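The sequence and structure come first.

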Amino acid sequence: MTSTFDRGLVWFRRDLRVADQAALHHALASCRQVWALFVFDTEILDPLLARGLVHDRRVEFIRASLVELSDALGHASVDGRAKLIVRHGLARTIVPQIAEALRVDAVFVNRDYEPGAVDRDREVAAALEAAGRALHDFKDQAVFEKDEVLTKGRTPFTVFTPYKRAWLARLAPPHVDPHPVERHGDRLAAVPDAIDRAVPSLEAMGFAKTNLADLDIPTGISGAHRLFDDFVDRIADYAEGRDHPARRGTSRLSVHLRFGTISIRALARCALDLARHAGHAKGAETWLSELIWRDFYFQILHHRPDLADGAAFKPRFDRIGWRSDAAGDEAFAAWCEGRTGYPLIDAAMAQINGTGFMHNRLRMITASFLSKDLGLDWRRGERYFAERLNDFDLSANNGGWQWASSSGCDAQPWFRIFNPVAQSERFDADGAFIRRHLPALAKLSNEAVHSPWLASATELRKAGVELGRDYPMPIVDHASARRATLDRYAVVRG
Ligand SMILES: Cc1cc2nc3c(=O)[nH]c(=O)nc-3n(C[C@H](O)[C@H](O)[C@H](O)COP(=O)(O)OP(=O)(O)OC[C@H]3O[C@@H](n4cnc5c(N)ncnc54)[C@H](O)[C@@H]3O)c2cc1C
């Protein structure tokens with residue numbers, strides 16, 4: 001095969017794998033020699049350090065995944081000498097510099113839809129172009145992106161079910177076809193000594209080791225495949241098991257989808273395939289729907305970049321007067337630290353604070369609690385999740401928060417307010433999740449564990465719980481908070 005370019009550079013961002021990687025595939029197919037680069041971007045990392053968040057599991061996850069990616073590039077190259085070039089600094093300037101140092105003709109990337117990333121890529125493309133180089137971008141993160149799935153009137157969908165129908169109807173090769181990279185391994189080039197450097201340590205970048213290694217969050221390409229293999233065996237139970245946080249009912253692949261250690265096309269292909277098998281069909285179809293939600297929120301953000309600046313999807317929800325007094329600040333601190341007095345809320349916050357993960361059902365309940373029980377602006381919770389979630393993704397996080405607070409597209413109706421105790425009794429009936437994350441409540445009965453303030457003095461004494469000492473009293477009364485919320489939300493009527 002003839003090559004269009006002599007030299008190419010693949011700039012990895014949230015696509016940390018070799019197999020079925022669109023930009024890598026296109027670079028290898030069109031260049032005689034190809035190098036690979038990742039930049040720990042200070043534009044993203046410095047704001048975390050400025051907020052004192054030195055223990056960031058995502059930075060550790062990425063670093064471990066890069067080490068594996070570098071080895072995988074070596075294995076994919078014919079002489080075994082290819083590896084990943086890794087830098088720590090401002091991507092906007094480093095990418096054109098490395099392109100210059102390697103004298104490449106073109107840089108290859110997979111598209112990122114977040115407004116900040118779009119702006120960065122525009123600037124990098126301009127700098128490359130000024131030096132006579134091209135930036136080529138490809139779809140890799142989503143199955144369908146931007147305007148690929150539109151209504152009959154050629155407008156973006158804002159309701160999920162018809163979007164899903166149109167998504168499924170449009171699904172055909174090449175959208176889920178793999179991008180083979182193996183056949184051009186001879187084009188992966190060794191890194192010149194002048195450019196080669198060790199992957200920077202966490203400490204060199206200002207970060208510190210986290211508890212990631214003690215959690216069940218395997219990193220890199222191998223970690224993604226381990227989780228997926230484990231999940232495929234359980235997918236038949238997904239539709240039923242996914243709502244119970246104490247069970248291992250979901251895939252836990254979100255952090256891998258966030259950083260691209262596994263291909264979304266490969267997952268969609270597999271889900272479609274399993275959906276055709278009796279026995280797996282319901283679970284696989286339900287799981288595929290969740291992958292479609294991911295595309296749905298990507299395209300929403302693409303069409304509404306103002307959401308990244310805090311706009312409510314439905315502008316009339318910006319009329320709501322949120323609580324902003326000192327008591328509201330204290331309630332927010334209690335929510336963040338898991339001391340609201342509602343066990344399921346506090347156990348969920350212990351999960352996110354201790355592991356960087358939170359189960360989907362709990363994300364919905366804690367988000368609803370923040371906006372509809374505490375009367376706080378959902379953007380405060382959105383920011384907190386953005387800093388803590390390993391899988392943080394602007395489009396899904398914003399979509400989830402606007403769903404729960406009712407301002408989003410296809411959201412929970414504003415007058416529907418989760419009862420945190422009823423949700424707890426329904427989805428953690430035996431309190432297994434609460435007990436796991438709140439050991440102080442471990443000895444309470446299945447009835448009392450959801451609402452300890454209603455337990456008898458004898459039961460509390462027997463379980464070794466003194467309210468106010470071992471566990472807080474509720475910071476709000478749900479019934480009165482509900483009435484206040486219906487009043488607060490009245491401005492969105494009509
Ligand atoms: C308030 C709130 C905030 C959220 N923030 C994020 C976020 O920052 N990043 C994120 O990836 N997901 C977010 N979600 C969606 C969802 O909670 C997580 O994707 C899911 O819990 C991840 O667990 P899993 O990988 O086991 O999911 P599974 O149930 O196995 O689902 C498979 C994959 O589908 C995707 N997915 C599932 N549900 C959704 C959804 N509702 N929206 C978009 N994609 C979805 C994820 O990539 C997930 O890994 C949020 C939801 C809410 C309600």
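How many residues surround the ligand, and which are the closest? The shell has 27 residues, each with a heavy atom within 4 Å of the ligand; the closest are Y238, T250, S251, R252 and N360. The model is predicted: local features need pLDDT of at least 70, side-chain atom pairs count only at pLDDT 80 or more, and totals for chains, interfaces and linings use all residues. Residues are numbered from 1 along each chain as its sequence is written, and side-chain values use heavy atoms, with hydrogens and water left out.

- Y238 places a polar side-chain atom 2.5 Å from an oxygen atom of the ligand.
- A nitrogen atom of the ligand has a polar side-chain atom of E290 at 3.0 Å.
- A polar backbone atom of D391 is 2.9 Å from a nitrogen atom of the ligand.

**Cover and make-up of the shell**
- Of the 820 Å² of accessible area that the ligand has on its own, the protein covers 95% (Shrake-Rupley method, 1.4 Å probe).
- Two or more residues come from each of α9 (254-259), α11 (281-303), α14 (360-373) and α16 (394-404); helices are DSSP runs (H or I, at least four residues) numbered from the N terminus.
- α11 gives the most, with six residues.
- The ligand lies between domain 2 (142-178 + 221-303) and domain 3 (315-492), because both give residues to its shell; the bounds come from an automatic or database domain assignment.

**H256**
- H256 is in helix α9.
- H256 counts as buried because its relative accessibility is 0%, and buried means under 20% relative accessible area (1.4 Å probe, protein chains only).
- Not counting residues up to four places away in sequence, the residues that H256 touches include F61, P218 and I262 (heavy atoms within 4.5 Å).

Technical notes. Polar contact = N/O pair within 3.5 Å; in protein donor to acceptor, adjacent residues only side chain to side chain. Buried < 20%, exposed > 50% of the residue type's maximum accessible area, 1.4 Å probe, protein only.
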